[in-house]
Amino acid sequence: MSIVAAYVVPHPPLIVPAVGHGQERAIQATVDAYEEVARRIAAHAPDTIVVVSPHAPLYYDCFHVSTGDAAHGDMGRFDAWEAAMNVPCDPSFSAAVSACARARGVPICGSGMRDGELDHATFVPLHFVNERYAGYRLVRVGLSGLTPADHREVGRCIAEAACDLDRTCVLVASGDLSHKLKEDGPYGFAPEGPVFDRTVTGLLDEGDLEGLFSIDAAFRDAAAECGLGSFQIMAGALDGVPATHELLSYEGPFGVGYAVAAFEVQGPTGDGAVAADVDAEADARGTEDEAAAEQDGADPFVALARAAVEGFVRTGRPLARPDGLPPELADVRAGVFVSLHEGGDLRGCIGTIEPVTGSIADEIIRNGTAAASEDPRFPPVGAGELDALSYSVDVLFPPEPVDSEAALNPARYGVIVTLGRRRGLLLPNLEGVDTATQQVAIARAKAGIAPDERGVRLERFQVVRHDRGGEARHG
């Protein structure tokens, strides 16, 4: 096995109820997202959880990797001694990471007596995990004053160790964003703070992990962040691996930015995500056969979306692309949105503006699976809902820039709004969206772009919509 998932999480101590005493309700979206991450980790049932922590032993010229057999942590420094844990560690995994890093010229150093005491940036995520799952061993990795490229190499070594040792591994990148979001916050305000948070959350939302390595050092220092190094190690662990991406939440009510994001590995290395039924393999084969036959003469785009969702929900594994698909599915690349509806109401929608796979078919399978299981607005689709679902598949034409809203038509064109790294999209021909002004305002809101922010770039695009009626229609 290898890395099956990676998660970005913050580490405010008050999110632990014994510390917060109710204050955690002020960041309820973060709590909810954290609980979703814990649910997913339990579903993956990893052998090893690697927590990358900015508050583990920190050295300027080397990285800390834990070496002990067990570790203890508590919230005593926050007057909550009752919040405590003992966790087993994975020294063989740590040794494999260290050996790999040294072979690549990245220095690793021990930490002596501090190795067995968990810092709060490790304790907080494990608090949520331990409420749902206990079958793991821990590896704790610290940051360093070395280059972003060195952080990437440590991440690559984590993935390599998981593969070499045949471990199912989940990586948790613990880190807060800017600590300078509010004048009345504990660290005051800096104008770079909100900009840093918008930049990083935009990258996480878009799955642009490479962009994490281009953030200027002076900029991040002015923003007073503590998470970027953790996220860069995570990016290295996911380097070259196909994975879904989603920003589950972002909040900053106390003057510190808290983001939760999820990256679920796709393909063979992600097969350990959910325990399959006894007859999972037979069910999966049957679903693939149904998709290839385009049962009942359904539109092949919709039939494939249905097969992808039903196959994943019933077996816990992504559908393999069926043989015999028409060329417009198998041989063409495009961005695709897959939407699920139940009783006329939206039940999930995930898409890609530009293609990230080799074909429209693979795009439909990827995004259909994500719409059913990873849309943060909805719980995962259950097997009992499958018969009630209807599907639509929107295949996007390449976007074209426009100078103003006058060139938009919400009945015909979708819109993309972009400001820096923030980007929002709205599909065409949506109920209740009757004017270009409405369309742009909604897309701005989705991107986190305020109505009065200037310099927004507009693009329009057309779609071909395939739905349950069996017809392909231009949007």
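Modeller: With 475 residues, a compact globule would have a radius of gyration near 23 Å, and the chain agrees because its own value is 23 Å; that radius is taken over C-alpha atoms, and the globule rule is 2.2 Å times the number of residues to the power 0.38. This is a predicted model, in which local features need pLDDT of at least 70 and side-chain atom pairs count only at pLDDT 80 or more, while totals for chains, interfaces and linings use all residues. Residues are numbered from 1 along each chain as its sequence is written, and side-chain values use heavy atoms, leaving out hydrogens and water.

Colleague: How much of the chain is buried?

Modeller: Buried residues (under 20% relative accessible area, 1.4 Å probe, protein chains only) make up 55% of the 475.

Colleague: And how many helices and strands are there?

Modeller: The chain has 13 helices and 19 strands, taken as DSSP runs (H or I, at least four residues, for helices; E, at least two, for strands) numbered from the N terminus.

Colleague: Switching to packing, at what angle do H2 and H4 pack?

Modeller: Helix H2 (residues 28–44) packs against helix H4 (residues 120–130) at about 65°, with the axes 8 Å apart; axes are lines fitted to C-alpha atoms over the stretch in contact, and angles run from 0 to 180 degrees between N-to-C directions.

Colleague: Which residues make the contact?

Modeller: H2 supplies Val31, Tyr34, Glu35, Ala38 and Ile41, and H4 supplies Val124, Pro125, Phe128 and Val129, where contact means heavy atoms within 4.5 Å.

Notes
Buried < 20%, exposed > 50% of the residue type's maximum accessible area, 1.4 Å probe, protein only.
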